[in-house]
Amino acid sequence: MILEEMFFCSSSSSSQQLQPFENPSSNLLLLSGPPSSGKTSLLFQFAFNVALHSDSNNKVIFICNRHRLDSKPPFLSQGIDPSSHVFHRIQMKYVNDDEDIRKYFAAFHLYDTLPAAVLIDDFGDFFDNKICQQRYSNPRGRDMAMVKTLALCHNAITFANQKGSCKVLLSDTHTHQRDSPRFHFIYKKWIQTTFTIKEGDVSGSFILKDRSHSPTDHTATIKAAAKYSIALQYLVFHGLVEEDQLQYIQN
Amino acid sequence: MSASSLVAEAVWKEIESTHSVNDDQLWTLHFLFGKNFEGATRIVDQRGVSKISAHPSGRFIFQVTGESRRKDQYLCFPENFCACYSFFYDVVNRGEQLCCKHQLAARLAASLGSYVEVKVSDEELAVLLSKV
């Protein structure tokens with residue numbers, strides 16, 4: 001699936017179906033980047049693109065913390081009409097903590113129509129260290145809660161894809177400005193495709209990289225990259241990085 | 001995927017296709033998983049694996065009885081999760097094992113069809129899964 005079709009409003013995404021993933025393990029995806037790099041905006045644009053191309057019965061579920069979304073709402077691509085009917089197919093689900101997320105995926109098989117995609121913004125932030133430690137009486141409580149949640153999520157998506165097509169995209173933050181997500185050792189057990197964001201050479205510009213890795217290997221290969229920026233309250237796509245330039249953005 | 005995982009996957013597929021296991025396959029799995037596989041075979045022999053299936057959705061989870069005297073029961077997705085401590089510490093955290101013995105027991109029982117079938121409603125399964 002092309003980055004442009006997934007995360008940006010492009011000429012190609014308005015005229016053709018989003019490509020299905022070749023690999024069932026790619027139905028669970030991670031978008032990881034530094035703070036204030038437009039992750040929520042990219043996630044929402046992905047929601048819009050999936051809703052635009054999926055059956056009108058299949059909603060896209062956007063899971064987030066209401067307070068956080070209200071204080072930092074997403075920016076959309078310039079070509080999108082804010083009154084578009086497509087937004088009616090995006091259903092906001094506000095949750096407070098990791099237990100709410102687990103309950104949602106535990107009951108996934110109860111829904112009459114399964115969603116075309118589920119997006120969870122700032123996934124890692126739903127896991128409060130202190131609460132998880134108390135719940136599991138374990139200093140590694142947060143990690144345990146994440147493991148359980150990702151396993152349930154994976155199981156729900158595997159179940160959904162036996163009946164139709166459903167993708168889950170999570171977003172999370174880098175730690176210490178390194179090019180890997182927090183809790184990387186946990187994520188890599190369940191997620192083989194990670195999109196990482198790196199700050200560009202100009203302030204406010206970013207590079208989005210599509211990297212795939214083996215669940216048993218630490219190496220990752222960058223398959224594609226795109227440049228974008230957040231300008232004048234819009235998500236602006238600046239084009240794909242040429243193949244011969246990919247080697248220069250490996251890190 | 002690692003070479004070990006790919007080999008294991010090929011063996012599981014063979015066992016699933018015939019619903020039987022031969023000495024070569026047992027030897028290969030024992031070579032790959034060691035003591036964990038020994039424990040898994042004991043659990044399967046003692047009918048310690050239940051497949052909890054929901055109706056009408058068909059979604060399911062395995063419940064595996066441990067070998068300790070307490071006979072703890074662990075909810076388990078054979079491919080990538082078990083509620084036991086070994087899964088969290090040895091598989092996810094340290095990466096020393098590909099999977100725990102309860103996952104292996106569930107996979108072996110599923111491949112051979114030698115599990116206890118438990119039918120529940122979709123609502124009951126949702127409650128059970130939320131307690132994972």
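What is the mean pLDDT of chain B, and what share of its residues reach 70 or more? This is a predicted model, and for chain B the mean is 90, with 98% of residues at 70 or more. Within chain B, confidence is lowest in H4(B), with a mean of 87, and highest in strand S4 (residues 81-82), at 96.

The contact between the chains draws 25 residues from chain B and 27 residues from chain A. Together the two chains bury about 2200 Å², and 61% of that area lies on carbon and sulfur atoms. On the chain B side, B:Arg59, B:Asn80 and B:Phe88 supply 29% of the area buried against chain A, more than any other three residues. There are 0 salt bridges between chain B and chain A, but 9 residue pairs are in polar contact, both partners being at pLDDT 80 or more. Two elements of chain B, helix H4 (85-93) and helix H6 (122-130), each give two or more residues to the side that touches chain A. H4(B) gives the most, with 7 residues. By type, the residues on this side of chain B are 15 nonpolar, 7 polar and 3 charged.

H4(B) also has buried residues: B:Phe87, B:Phe88, B:Asp90, B:Val91 and B:Val92. Their cover comes from both chains, and includes helix H7 (141-163) and helix H8 (184-190) of chain A as well as S4 and helix H5 (101-112) of chain B. Just after H4(B), B:Gly95 has a positive phi of about 65 degrees.

Now to the charged pairs. Side chains of opposite charge can pair when their charged atoms come close. Over all chains, the structure holds 11 salt bridges. One of them joins A:Asp70 and A:Arg66, at 3.8 Å from N to O. These two residues are 4 apart in helix H4 (residues 66-71) of chain A, so about one helical turn separates them. A:Asp70 is exposed, at 52% relative accessibility, while A:Arg66 is partly exposed at 48%.

A:Arg135 and A:Asp98 form another salt bridge, with their closest N and O atoms 2.7 Å apart. This pair links distant parts of the chain, 37 residues apart: A:Arg135 is in helix H6 (residues 129-136) and A:Asp98 in helix H5 (residues 98-106) of chain A. A:Asp98 is buried at 2% relative accessibility, whereas A:Arg135 is partly exposed at 27%. Both belong to a network of salt bridges that also includes A:Glu99 and A:Arg102.

In chain B, B:Glu9 forms a salt bridge with B:Arg107, at 2.8 Å between the closest N and O atoms.

Notes:
Residues numbered from 1 in each chain as written. Chains lettered and ligands numbered in written order. Heavy atoms only, no water. Contact = heavy atoms within 4.5 Å. Buried area = accessible area lost by both parts, 1.4 Å probe. Salt bridge = Lys/Arg side-chain N within 4 Å of Asp/Glu carboxyl O. Polar contact = N/O pair within 3.5 Å; in protein donor to acceptor, adjacent residues only side chain to side chain. Nonpolar A, V, L, I, M, F, W, Y, C, P; charged D, E, K, R; others polar. pLDDT = per-residue confidence, 0-100. Buried < 20%, exposed > 50% of the residue type's maximum accessible area, 1.4 Å probe, protein only.
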